[in-house]
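Work through the exercises below with the structure open. Each one sets a task and then gives a solution in steps.

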Amino acid sequence: MAARIAWLVRRIRPQRVTGHRSFCAGAPSSSARPASFTDPDVQSILKKITGLNLEKVFQPIKQESKPPTYKLMTQQQYEEALQKAVIAAQQYLEMPPMPDEREPIDETLAVDKILDGTDTAKFVFTDITYSTPHRLLFQQDRHEELLNRCLVQFEPDAADYIRIRNQTFEDIDRQGKYDLLRSTRHFGGMVWHLCSQKKIDGLLVDMLQRDLLHDGVSLVRLYHMVHPDTACAKESQGADGRELIKLYVKMESQKPGYLELALQVYPESAAASS
C-alpha cells in the first residue's frame, strides 16, 4: 500500500516529489538570503517530509456508529479510488500559514451613544466547553486537536495563536513525540519552527531511527536554507546524503553523540540517491 501511494504521489505531483535535488544541492551560497516559509522550495521540502499516511489522514472521527459499507471494485476502479483519496489527502495536509505576529489592534470601529445604558446586566455567560487546559491536552497527546481548535478560534497572525502554537511544537520536541503530527497539516509548521529556532537535533534523530534518512537529509538542507550564513551551510556546499548530515553533526549539532549513534546504522554509501 505504501509503495502504491508513493507512486501515485509522484504521478500526481512529480515536480514536487522527484525534483527536489534541483533547488538545493548541499547548501545555499554564502550570499543567499534566508528562506521564508512561503518560498516554493521550502514548501516543497516541508510537504515531502510531512508524509502521506492515508490511514492517519482519514482516521475515523468519533460519531454515531453505522454499519460499514463494502464495494466490489475492479483493479482499475481501485486505482482510481486510491488516486482520488491521495488528492483529497493532499488537500487536508495543506499547511496553515506562518505569518509574523500582527501589531495590537485597538481601533474603535464605532461609538453609538444611543445604546448607552440600555443594558444593566452585570453578568456575562460564556460557553467554556473547549476550556481544557493545554497541559492536560499535552498529557493526553492531543496536540493536533489543540492546534486545530486554535485555528478555528484565532487568526494565524494573532498573538495568542502564535503563543499556543509554539508551546505545542516545543512540547512535542521536548517529549520527542514528532510522530503525533506526522502526516498532518501541522507537521510542516513544526519543522519550520524548529529550523528557525535551531532545534532540529531531536527531530533529526527521530528521522534516522525511523529509517527516514532521505527526510533527514531534506531537514538539514532546509536548515541551511533558513540559516545560509552559518559556517556549516557554507562548508556543506556540494555535499549530499549521509555526508551532509555528518557535516551538520560536526559543526552545528547540540547533541552530536546521539546523532553519531543514529548514523552508525547507515553505511558510508547510504542515501546516494537522496
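**Exercise 1. Determine how helix 3 and helix 11 are arranged relative to each other, and list the residues that form their contact.**

Solution. The model is a predicted one.

Step 1. Locate the two elements: helix 3 covers residues 40-50 and helix 11 covers residues 213-226.

Step 2. Take the axes. They come within 10 Å and cross at roughly 155 degrees.

Step 3. Classify the angle. Angles over 145 degrees count as roughly antiparallel, and helix 3 and helix 11 are therefore roughly antiparallel to each other. Their crossing is left-handed.

Step 4. List the residues. Helix 3 contributes Asp41, Val42, Ile45, Leu46, Lys48 and Ile49, while His214, Asp215, Ser218, Leu222 and Met225 come from helix 11.

Step 5. Sort them by class: the contact of helix 3 with helix 11 has six nonpolar, two polar and three charged residues.

**Exercise 2. Describe the crossing of helix 9 and helix 11 and the make-up of their contact.**

Solution. 

Step 1. The axes of helix 9 and helix 11 come within 9 Å, with a crossing angle of roughly 55 degrees.

Step 2. That angle makes helix 9 oblique to helix 11. The crossing of this pair is right-handed.

Step 3. On the helix 9 side the contact uses Val191, Trp192, Cys195 and Ser196; on the helix 11 side it uses Leu219, Leu222, Tyr223 and Val226.

Step 4. By class, the contact of helix 9 with helix 11 divides into seven nonpolar residues, one polar and no charged.

**Exercise 3. Work out the packing of helix 8 against helix 9.**

Solution. 

Step 1. Helix 8 spans residues 159-175 and helix 9 spans residues 187-196.

Step 2. Their axes are 10 Å apart and the packing angle is about 80 degrees.

Step 3. The range from 65 to 115 degrees counts as roughly perpendicular; helix 8 and helix 9 are therefore roughly perpendicular to each other.

Step 4. Asn166, Phe169, Glu170, Ile172 and Asp173 of helix 8 meet Gly189, Met190, His193 and Leu194 of helix 9.

Step 5. The class count for the contact of helix 8 with helix 9 is four nonpolar, three polar and two charged residues.

**Exercise 4. Find how many residues of helix 10 are buried, and which helices they pack against.**

Solution. 

Step 1. Helix 10 runs over residues 201-209.

Step 2. Apply the cut-off: a residue is buried when its relative accessible area is under 20%. In helix 10 this holds for Asp201, Gly202, Leu203, Leu204, Val205, Asp206, Met207 and Leu208.

Step 3. Eight of the nine residues are buried, so helix 10 is largely enclosed by the rest of the structure.

Step 4. The buried residues pack against helix 3, helix 9, helix 11, helix 13 (241-251) and helix 14 (256-263).

Step 5. Take Val205 as one example. Its relative accessibility is 12%, so Val205 counts as buried. Beyond its neighbours within four places in sequence, Val205 is in contact with Tyr258 and Leu259. Val205 and Gly216 are 11 residues apart in sequence, and their C-alpha atoms are 8.3 Å apart.

**Exercise 5. Summarise the chain as a whole.**

Solution. 

Step 1. Count the elements: 14 helices and zero strands.

Step 2. Of the 274 residues, 40% are buried. The chain exposes about 17,300 Å², and carbon and sulfur atoms supply 51% of that area.

Step 3. Consider contact range. Among contacts between residues at least 6 apart in sequence, 73% join residues at least 24 apart.

Conventions
Residues are numbered from 1 along each chain as its sequence is written. This is a predicted model: local features need pLDDT of at least 70, side-chain atom pairs count only at pLDDT 80 or more; totals for chains, interfaces and linings use all residues. Side-chain values use heavy atoms; hydrogens and water are left out. Helices (H or I, at least four residues) and strands (E, at least two) are DSSP runs, numbered from the N terminus. Buried means under 20% relative accessible area, exposed over 50%, partly exposed in between (1.4 Å probe, protein chains only). Contact means heavy atoms within 4.5 Å. Accessible areas come from the Shrake-Rupley method with a 1.4 Å probe; for residues, only the protein chains shown count as cover. Axes are lines fitted to C-alpha atoms, for helices over the stretch in contact, and angles run from 0 to 180 degrees between N-to-C directions. Angles under 35 degrees count as roughly parallel, over 145 as roughly antiparallel, 65 to 115 as roughly perpendicular and the rest as oblique. A crossing is left-handed if the near helix is turned anticlockwise from the far one by less than a right angle, and right-handed if clockwise. Ala, Val, Leu, Ile, Met, Phe, Trp, Tyr, Cys and Pro count as nonpolar, Asp, Glu, Lys and Arg as charged, and the others, Gly among them, as polar.
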